[in-house]
Amino acid sequence: MKFPPELLLRIIDELDDAALCDLGCTCKDFNSLIFPILFDKLSITHYLREGWVSYYRAPRYTLRVIRCSLPTRKFNNIQYYFNKGLDHLVEEIEDMHAIVSRMDELGELLVSLSDPDYWAVSEAPGLDETQVPQLTSEEWTKVYLGLLTAALAKGCINAFLSGGERFLNYLQSREKTTTPHGALTGTVISLRERVLGYFDGTFRYKSPFAGQPKRNLHVAQYVEPLPLEENTVPQAEIPKAKSDKPPVVKERKKQLRLLKWVEFFSTKNKNIHHAETAVSSTAGYDSKNSKAPSPGLNHTRAKNTNDSSQLKTFAPTSTRVPPKPRLQSLALHSSIFLTSPSFLNWTNQVLSWCASTLTQLELECPEAPSRIWCEFLSKLKLPSLVSFKIASGLFIEEANVRGSDILGFLSRHPGIQKLSLHGIQVSACLSTMPDLGKSILPNLTEVTAHPIWISWLLHNKEQCPKLKEITLLTEGYTDTSNTFEYDAMDTALGEILPRSYNLDLIGFKFTCARDHLDSWLQSHVDAGPNSILFSFIDTKRLRIDWADYVRLINPASRLDLVAQVAGLFPNLNYLELKSLLDVPYDQTDNIPPVIEALRRHSPQVRQVKINEIHPIIDITDFQSLEKE
């Protein structure tokens, strides 16, 4: 039956986005008609054309639309900031998981849980229990790790994962104060068992809800099995609940109809999850009731599959070859990956799986305790590692990474070329720093660290012979009684000076302005030719990083100080002002004052670069253009 166009348009106008998604999944004609309308309405076309699923605070159902539209397959990069709200968050993760499963391969993955963290801290505590769907921390961990695992199994090359610790803390604290609705009973496979084995080809997925009555839960029992290995254990059908459904699961009725159609056109799901007899995930596996024999069955044993002793010890495995790792860069900007036991197991498994391919590792887990760092770093072995970074956020609450632990890690990774250390425990003087008895980091070319660590690295003249770039890093602390000692900067400059002839660039990174930054700059300006900076006659390139926090132009006196300090380098030719908050990426109004200050106090400087997005400015040309 064909609808008149006028009636069809009237129907479309009356439907909300969720209903339009359902309608678009009924047939190819509706799919080609409905989803272009939704694409335009939700403004999701632009980045898809460039191969990206990239959104920040996207409207609801954005991922659902991308998931259900048949033509949207030609993308291989994801950059997504998940929205706040428990039900919305898990719904988005489910849709994202399905999108990843449809992709041929995944290049870059950037996901952030900053908004859910904010929701958990600021909004969730004021909500009544009836306003928040029931979700346990274990269920959330399973859902989120399932998405991350599926992405890595698709050949992800670069992964950046941030946030989530505040959200997980909220779920855990709610579990302590309330009794979960419809708590699970019976034996279920532990979360640790589900996490381990993801990447070594022995993954066995068993739903923790199989064989249990349907709960008033919005998501967890409908999470698709992870795509790394084919599921050899038939899954039990979940019986319908006898009780009335609460409002939070009304949307699930539409999702069930949607999922049936998604399974129909998704080639990834055509030949899996079929079983003639549904069995409990905790029951034994009977090969007679399955179309394919179990790959884990020992055929030399007795053929009596009804033997209870065999059923208890049987562990089904898959003969499918596990995916080859392609991960080259991994950034973990969340303490959850080290503080939560399940996430820590997953992190260790990932790093073990991709050890041969991983070249860049970045860790920002400031809340991880020293004992976790010690054990984690002592077992970590990445033979292909080229770039390593440990960060602690903008301000350091407590330095939990011990110097001995980081030195032990560095001594086992001689291939590191780029190193950045922030928030590492340091000693007050070099005499108390640990001595390894041998030189380390023979291939190091770039280093950013606390001045005391720079002094320690350069104290041994045979250490780091290939070093080309050095950046001295200041540190800000949440405890205002702890101040950064700028005397360490001058000590480190004294160690750098003998090597300055071999360096391509010297840099300073200022993360805090309250600890006598201007006084230190002024001391060198007052010293003039007697300043140690005046002795760097071979330095032609200087970088000053302001960490998107410290201002340069306001106050104006700091701009003059910086220009005068740059003028102390006799042969400086190039100056880079990085992460400068005073010059937004879309504005250039504050560039002329910078150029004018450099012209007055640093006449030897010919070129300046302000922030990453702006091109290199030739000071002479800029002046002539200004006069015109």
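Leaving aside residues up to four places away in sequence, Ser579 touches Asp545, Trp546, Ala547, Asp548 and Asn611, where contact means heavy atoms within 4.5 Å. The model is predicted: local features need pLDDT of at least 70, side-chain atom pairs count only at pLDDT 80 or more, and totals for chains, interfaces and linings use all residues. Residues are numbered from 1 along each chain as its sequence is written, and side-chain values use heavy atoms, with hydrogens and water left out.

Ser579 lies in the loop between strand 15 (574–578) and helix 21 (591–601). Helices (H or I, at least four residues) and strands (E, at least two) are DSSP runs numbered from the N terminus. The side chain of Ser579 makes a polar contact with the side chain of Asp545 at 3.4 Å. Such a contact is a pair of N or O atoms within 3.5 Å; within protein, one must be able to donate a hydrogen and the other to accept it, and residues adjacent in sequence count only if both atoms are side-chain atoms. With a relative accessible area of 14%, Ser579 is buried, since buried means under 20%, exposed over 50% and partly exposed in between (1.4 Å probe, protein chains only).

The protein has 22 helices and 17 strands, and buried residues make up 50% of its 628 residues.

In strand 5 (residues 329–333), five of five residues are buried. Ser329, Ala331 and His333 point one way, Leu330 and Leu332 the other. In a regular strand, side chains alternate between the two faces of the sheet. Strand 5 pairs in the parallel sense with strand 4 (residues 158–162) over five bridges; pairing requires at least two DSSP bridges between two strands. In this pairing Ser162 stands opposite His333. Strand 6 (residues 360–364) also runs parallel to strand 5, joined by four bridges, and Glu362 in strand 6 is the bridge partner of Ala331.

The whole structure contains 20 aromatic pairs. Rings of Phe, Tyr and Trp (its six-membered ring) pair if their centres lie within 6.5 Å; planes under 30 degrees apart count as stacked, over 60 as edge-to-face and the rest as tilted. The rings of Trp119 and Phe167 have centres 6.2 Å apart and planes at 40°, so this pair is tilted. The pair links helix 7 (residues 114–122) with helix 9 (residues 165–177), its members being 48 residues apart. Both Trp119 and Phe167 are buried. For Trp373 and Phe376, the centres are 6.4 Å apart and the planes at 75°, so the pair is edge-to-face.
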